[in-house]
Amino acid sequence: MAGQEKQQRKKIHPQKFAMWIAIGSIIMMFGGLTSGYIVRKSQGNWVNFNLPTEFYLSTVAILLSSLTMVLAMRSFKQRQMPLHKAMITITLVLGVIFSVLQYLGFKDLYFHTKWNNNVSFQYLIVIVLVHALHIIGGVIALLITFMRTFSRKVKIYSSTGLEIVGTYWHFVDILWIYLFIFFLMNQ
């Protein structure tokens with residue numbers, strides 16, 4: 001029986017496995033989008049741009065939110081529920097701040113760059129819209145986690161859902177860092 005329990009512990013939860021498959025697919029998609037951007041940029045007729053200040057600030061916000069997510073996970077596993085609630089709340093607030101700063105940054109980029117229907121703008125818009133969908137998904141997942149944390153009806157003591165949300169939010173963080181560095185190198 002003990003051997004069977006050890007074998008069971010080695011298996012990855014099906015929802016975690018699905019999350020990793022989704023993350024792999026998203027990585028390939030953004031790899032393709034940014035590769036296409038680089039290839040097309042080398043063909044000329046490209047508009048250069050400067051990164052808005054909001055992108056630097058949003059980077060700080062999402063890095064802090066990843067830290068608070070780690071602290072939320074740790075406090076949940078240690079059953080320190082007041083600390084867990086505080087960290088989930090801070091993570092959600094930082095996630096919203098990140099989202100707002102991203103919106104303001106891309107809005108600033110759009111209005112302060114002379115695009116003139118250039119193909120560089122089309123590539124940037126596709127990357128931005130796909131990135132925005134992932135941010136929205138992450139913030140919605142954080143909001144659901146926040147609501148479950150403060151719900152009196154839901155008494156879940158399994159960390160699986162929190163781990164899945166945490167994994168996705170850390171991925172959104174890593175994805176933004178990748179895009180931020182990519183934009184810095186290609187502005």
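This is a predicted model: local features need pLDDT of at least 70, side-chain atom pairs count only at pLDDT 80 or more; totals for chains, interfaces and linings use all residues.
A crossing of two helices is left-handed if the near helix is turned anticlockwise from the far one by less than a right angle. Below is a short tour, from the whole chain down to two residues.

**The chain as a whole**

- Reading from the N terminus, the elements follow the order α-α-α-α-α-α.
- Along the principal axes, the C-alpha atoms fill a box of roughly 65 × 35 × 25 Å.
- The chain has 187 residues, and 41% of them count as buried.
- Among contacts with a separation of 6 or more, 86% come from residues 24 or more positions apart.

**Helix 3 against helix 4**

- Helix 3 spans residues 53-77, and its axis comes within 8 Å of the axis of helix 4, the two crossing at roughly 160 degrees.
- Angles over 145 degrees count as roughly antiparallel, and therefore helix 3 is roughly antiparallel to helix 4.
- The crossing of helix 3 with helix 4 is left-handed.
- In the contact of this pair you will find 20 nonpolar, nine polar and two charged residues.

**Helix 4 against helix 5**

- Helix 4 (residues 81-111) packs on helix 5 (residues 119-150) at an angle of about 160 degrees, and the axes lie 10 Å apart.
- That angle makes helix 4 roughly antiparallel to helix 5.
- The residues in the contact of helix 4 with helix 5 comprise 16 nonpolar, nine polar and one charged.

**Thr91, a residue to look at in helix 4**

- Thr91 sits in helix 4, and with a relative accessible area of 0% it is buried.
- Its side chain reaches the backbone nitrogen of Met69 at 3.3 Å.
- Leaving aside residues up to four places away in sequence, Thr91 touches Ser65, Thr68, Met69, Leu142 and Trp169.

- Arg79 belongs to the loop between helix 3 and helix 4.
- Although Arg79 is not a glycine, it has a positive phi of about 60 degrees.
- Arg79 counts as partly exposed, because its relative accessibility is 42%.

Key:
Residues are numbered from 1 along each chain as its sequence is written. Side-chain values use heavy atoms; hydrogens and water are left out. Axes are lines fitted to C-alpha atoms, for helices over the stretch in contact, and angles run from 0 to 180 degrees between N-to-C directions. Helices (H or I, at least four residues) and strands (E, at least two) are DSSP runs, numbered from the N terminus. Angles under 35 degrees count as roughly parallel, over 145 as roughly antiparallel, 65 to 115 as roughly perpendicular and the rest as oblique. Ala, Val, Leu, Ile, Met, Phe, Trp, Tyr, Cys and Pro count as nonpolar, Asp, Glu, Lys and Arg as charged, and the others, Gly among them, as polar. Buried means under 20% relative accessible area, exposed over 50%, partly exposed in between (1.4 Å probe, protein chains only). A polar contact is a pair of N or O atoms within 3.5 Å; within protein, one must be able to donate a hydrogen and the other to accept it, and residues adjacent in sequence count only if both atoms are side-chain atoms. Contact means heavy atoms within 4.5 Å.
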